[in-house]
Structure formats: C-alpha cells, structure tokens
Amino acid sequence: VTTLAGSTDNGSTNGTGTAASFYSPYSMTNDGTNLYVADYSNHLIRKIVISTGVVTTVAGSTTSGSANGTGTAASFYGPVGITTDGTSLFVVDSGNHSIRKID
C-alpha cells in the first residue's frame with residue numbers, strides 16, 4: 001500500500017502526492033487517466049492525475065453554497081457521490097439536495 005495523494009492532516013491544498021490535502025474525501029470515479037474525488041468537508045470536486053498524483057480543484061470553493069458557475073465560481077454543500085459518463089461529471093450535492101453536472 002502506498003499513498004497516491006493526501007496526508008494525515010486535513011486541508012484543501014492542491015499539490016503532488018502527500019503535499020496535497022483533503023478534508024473527508026467521500027467518493028471517487030475515474031476516466032482511466034484521472035480520479036475525481038468528492039471532497040465532502042471542503043465542498044470541492046478534486047482531480048488526481050493517476051500517473052503523477054497531482055491534485056487540482058475542478059469545481060467548488062471551501063465555503064458551502066449552491067452557486068452554478070465555472071471552476072471555483074461554483075459551490076457545493078457536502079458532495080458525497082460522483083460518477084462520470086466519460087464526458088461530464090455528475091455530483092450528489094447532499095446539503096443542497098440536488099444532483100449537479102460538471103461539463
């Protein structure tokens with residue numbers, strides 16, 4: 001067992017491998033190249049490049065909300081589930097009682 005990304009300290013830092021941090025990663029999906037993570041307590045959707053462990057934020061901000069928008073202009077409230085159809089991501093936005101689509 002090795003750690004692909006994240007550390008034992010919670011946070012929302014983007015970075016490579018253990019330099020990145022999550023706060024209650026809840027579920028994930030993949031497209032064969034990347035993992036997409038519903039980062040529950042950060043209210044973020046994160047991407048991990050499988051081959052390198054590089055973590056970036058795809059959508060959301062660390063403040064909960066329900067705004068539609070691009071990237072960090074969008075907001076979630078406790079995303080708990082995520083899947084893909086190969087083109088879009090679909091997120092179960094628990095606190096907002098909704099299913100959200102990321103193109």
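**Pocket, sheet and hairpins**

Student: Let's start with the pocket. How do the residues of the lining of the largest pocket divide into nonpolar, polar and charged?
Tutor: The lining has five nonpolar, four polar and three charged residues. Keep in mind that this is a predicted model.

Student: Which residues line the largest pocket?
Tutor: Val58, Ala59, Asn68, Gly69, Thr70, Gly71, Ala74, Phe76, Arg100, Lys101, Ile102 and Asp103 line it. The largest share, three residues, comes from β8.

Student: What volume does the largest pocket have?
Tutor: About 160 Å³.

Student: OK, zooming out. How many helices and strands does the protein have?
Tutor: It has zero helices and eight strands.

Student: What box do the C-alpha atoms fill?
Tutor: Roughly 35 × 30 × 20 Å, taken along the principal axes. Of the 103 residues, 36% are buried.

Student: Now the sheet. What is the strand order in the open sheet of five strands?
Tutor: The order is β1-β5-β4-β3-β2, with antiparallel pairing. The edge strands are β1 (15-16) and β2, and each of these pairs on one side only.

Student: How many bridges does β2 make with β3?
Tutor: Five, between β2 (residues 25-30) and β3 (residues 34-39), in the antiparallel sense. Pro25, for example, has Asp39 in β3 as its bridge partner. The two strands form a hairpin with three residues between them, and Gly32 in the turn has a positive phi of about 95°.

Student: And how many bridges join β3 to β4?
Tutor: Six bridges join β3 to β4 (residues 44-49), again antiparallel. There, Asn34 has Val49 in β4 as its bridge partner.

Student: What about β7 and β8, how many bridges join them?
Tutor: Five, and the strands run antiparallel. Val92 has Ile99 in β8 as its bridge partner. This hairpin has four residues between its strands, and His97 in the turn has a positive phi of about 55°.

Student: Which residues of β7 are on the covered face, and which on the uncovered one?
Tutor: Leu89, Val91 and Asp93 are on the covered face of β7 (residues 89-93), while Phe90 and Val92 are on the uncovered one. In a regular strand the side chains alternate between the two faces of the sheet.

Student: Is Ile82 buried or exposed?
Tutor: Buried: its relative accessible area is 11%, and buried means under 20%.

Student: What does Ile82 touch?
Tutor: Leaving out residues up to four places away in sequence, it touches Ser27, Met28, Thr29, Tyr36, Ala38, Ile45, Leu89, Phe90 and Val91. Take Met28: it is 54 residues from Ile82 in sequence, yet the C-alpha atoms of the two are 5.9 Å apart.

How values were computed:
Residues are numbered from 1 along each chain as its sequence is written. This is a predicted model: local features need pLDDT of at least 70, side-chain atom pairs count only at pLDDT 80 or more; totals for chains, interfaces and linings use all residues. Side-chain values use heavy atoms; hydrogens and water are left out. On a 1 Å grid over the protein atoms alone, a cavity is a set of points where a 1.4 Å probe fits but cannot get out, and a pocket is an open set with protein on both sides within 12 Å along at least five of seven lines; lining residues have an atom within 4 Å of a point. Grid points are joined across faces, edges and corners, and a volume is the space filled by probe spheres set on the points. Ala, Val, Leu, Ile, Met, Phe, Trp, Tyr, Cys and Pro count as nonpolar, Asp, Glu, Lys and Arg as charged, and the others, Gly among them, as polar. Two strands pair if DSSP finds at least two bridges between them. Buried means under 20% relative accessible area, exposed over 50%, partly exposed in between (1.4 Å probe, protein chains only). Contact means heavy atoms within 4.5 Å.
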